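Open your viewer, load the model and get ready to click along.

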Amino acid sequence: MTATPARERTVHQADAVDGPWWRHAVIYQVYPRSFADSDGDGIGDLPGITARLDHLVDLGVDALWLSPFYVSPQADAGYDVADYRDVDPVFGTLDDIDALLDKAHRLGLRVVVDLVPNHTSDEHLWFAAARAAAPGSPERARYLFRDGRGRHGELPPNNWTSMFGGPAWTRITEADGRPGQWYLHLFDTKQPDLDWSNPQVRTEFEDVLRFWLDRGVDGFRVDVAHGLVKADGLPDWAGVVTMIDGSDPVDGGAAPHGRTSPMFDQDGVHEVYRAWRTVLDSYPGDRAMVAEAWVEPLERLARYVRPDEMHQAFNFSFLSAGWDPAALRSVIDRSFAANDTVGAPTTWVLSNHDVVRHASRLGLSDPTRRPNGIGDGDEQPDAELGLRRARAASLLVLALPGSAYLYQGEELGLPEHTALPDELRQDPTYTRSGGAERGRDGCRVPLPWQQDAPAFGFSPNGASWLPQPAGWREFTVDAQRGRPGSTYETYRSALRLRRQHQLAAGDLTWLPSDPEVLTFTNGRVLVVTTMGSAAVQLPPGARVLISSDTSQTGDVVAPDTTVWALLD
Ligand code: NOJ
């Protein structure tokens, strides 16, 4: 079999190389509680991140995105914010975030922070006031309080279910001790949804944006960006809500959370982002927003990145395509078609803190399956195959024009923790689904830095909020640094070559190839990803720049491999 070009099809034209940073950036997601713990409480913190920023510089990324570090009871690992303008003591102080921003900027790294506008914590002052106030009061009107159905209001106002499992409504006890109204929470009970039709909510968040922009952040990752506005009247919905990350739902139902559902992707949400864009544009320095929006089809997602809205939107359709050549080719084509129409870059992603790490996902017998966590008794991934494919998938992503997000640890080839004892699980998904969903803890295990240190160097004393598997010794940064072909060195080389050959601003032209092989050029670089069982011969004269296969020699590309080669 050969990858020799015969007929070409260009699906994306080159972009200006000197465009704003976010069009081409590789952004590294830091999950603060699991990155580096400086004080030995077993939970990562801001000083720990600051001390390890050199790792990101060595790797060669452009920016980092910090998952929430704000004051929070941590019912959903910080995605339940009680104070949007302060740092939770578990992560540090405002001085610590200032120090982090300062050092990152001095090192040439941009910093994107998380913004959680769909819901607050139930421990936010606004919610405490809403509980204490009467039905119909302005305090209640910041959230979605409704009377219940049934003779005594004993039934929830509609039939919506939470993305974490269980009902999406909780009934409160009124100040006089009687059972009272219900409030909506698309996620945990401790995450009441805000009412975005309320002008006070809008003003408040514009102010929060300014608070962080004034402190110097370069942008925001917007949580549940497709969820802020709900359909008028909160109508019942017969569809099945997929789980938080769009993974296979408990009952095997198949409805995507797209425009068919009354809780997501309502047209009214775009007005919010247009207002935010005005705020960001009033600051110097190309501040940017990225939408976390599990929206399909891609044409609907592209609406979030129109010129006067957000800058990027995670391409979760790509993440969901698994290791299926036809699906990947199609999603790449459709992504460019949709985003080129609005002039936005595509934003590729394979892993984050909500999904099973791709080194494990792609090692499942069905590599398109997306379980919500893996535990004892579940199918265990083929670790070797998973890592092999993960490396190939990552090199594919880094060869694609646009921006890319990396999730901490993927540069080490980290697998999911697939045998975490259930009693240690902390993701509310696990309890809310009655254990039917293992949840997301397995991708959130603290990073291994050093082979011969307690908790592999994550903390000074070996404390670690989730245990790391003993086998992670070989994945530590120091075990991989300087070792040719290690996953870490492969990422480093790929990031250097991506920059050198300006792949992020390049064009994409498919070359005809076997259906189980993706073959394209980006500028002068030929990219071949083999996903079937046959090896592929590179065209004569092609010079290999990098391969995901540690035993690559010559011009034959083995199965489950990505090669970048220079064409004469
Ligand atoms: C998406 C976040 O990535 C996830 O971790 C969180 O649980 C939900 N949004 C709710 O905020």
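Strands are DSSP runs marked E of at least two residues, and they are numbered from the N terminus. With that in hand, select Tyr-405, which sits in strand β14. Remember as you look that this is a predicted model.

**Stop 1: Tyr-405**

Is Tyr-405 buried or exposed? Its relative accessibility is 4%, and buried means under 20%, so Tyr-405 counts as buried. Now show what surrounds Tyr-405. Leaving aside neighbours within four places in sequence, its contacts include Ile-27, Trp-65, Val-290, Phe-314 and Trp-348. Gln-312 is also in contact with Tyr-405, and here the two side chains make a polar contact at 2.7 Å.

Tyr-405 and Gly-136 are 269 residues apart in sequence, and their C-alpha atoms are 43 Å apart in space.

**Stop 2: the two domains**

Domain 1 covers 18-118 + 199-480, while domain 2 covers 125-184. The contact between them takes 23 residues from domain 1 and 18 residues from domain 2. How many Å separate the two domain centres? Taken over C-alpha atoms, the centres are 30 Å apart.

**Stop 3**

Select β7 (145-146), β8 (169-173) and β9 (residues 179-184). Together they make an open sheet of 3 strands in the order β7-β9-β8, with antiparallel pairing. β7 and β8 stand at the edges with a single partner strand each, so one side of each has no neighbour in the sheet. Zoom in where β7 meets β9: they pair in the antiparallel sense over 2 bridges. To find a bridge yourself, click Arg-146, whose bridge partner in β9 is Trp-182.

**Stop 3: Glu-416**

Finally, select Glu-416, in the loop between β14 (403-407) and α12 (428-432).

Notes
Residues numbered from 1 in each chain as written. Predicted model: local features only at pLDDT ≥ 70, side-chain atom pairs only at ≥ 80, totals over all residues. Heavy atoms only, no water. Helix = DSSP H or I, 4+ residues; strand = E, 2+ residues; numbered from the N terminus. Pairing = 2+ DSSP bridges. Domains from an automatic or database assignment. Contact = heavy atoms within 4.5 Å. Buried < 20%, exposed > 50% of the residue type's maximum accessible area, 1.4 Å probe, protein only. Polar contact = N/O pair within 3.5 Å; in protein donor to acceptor, adjacent residues only side chain to side chain.
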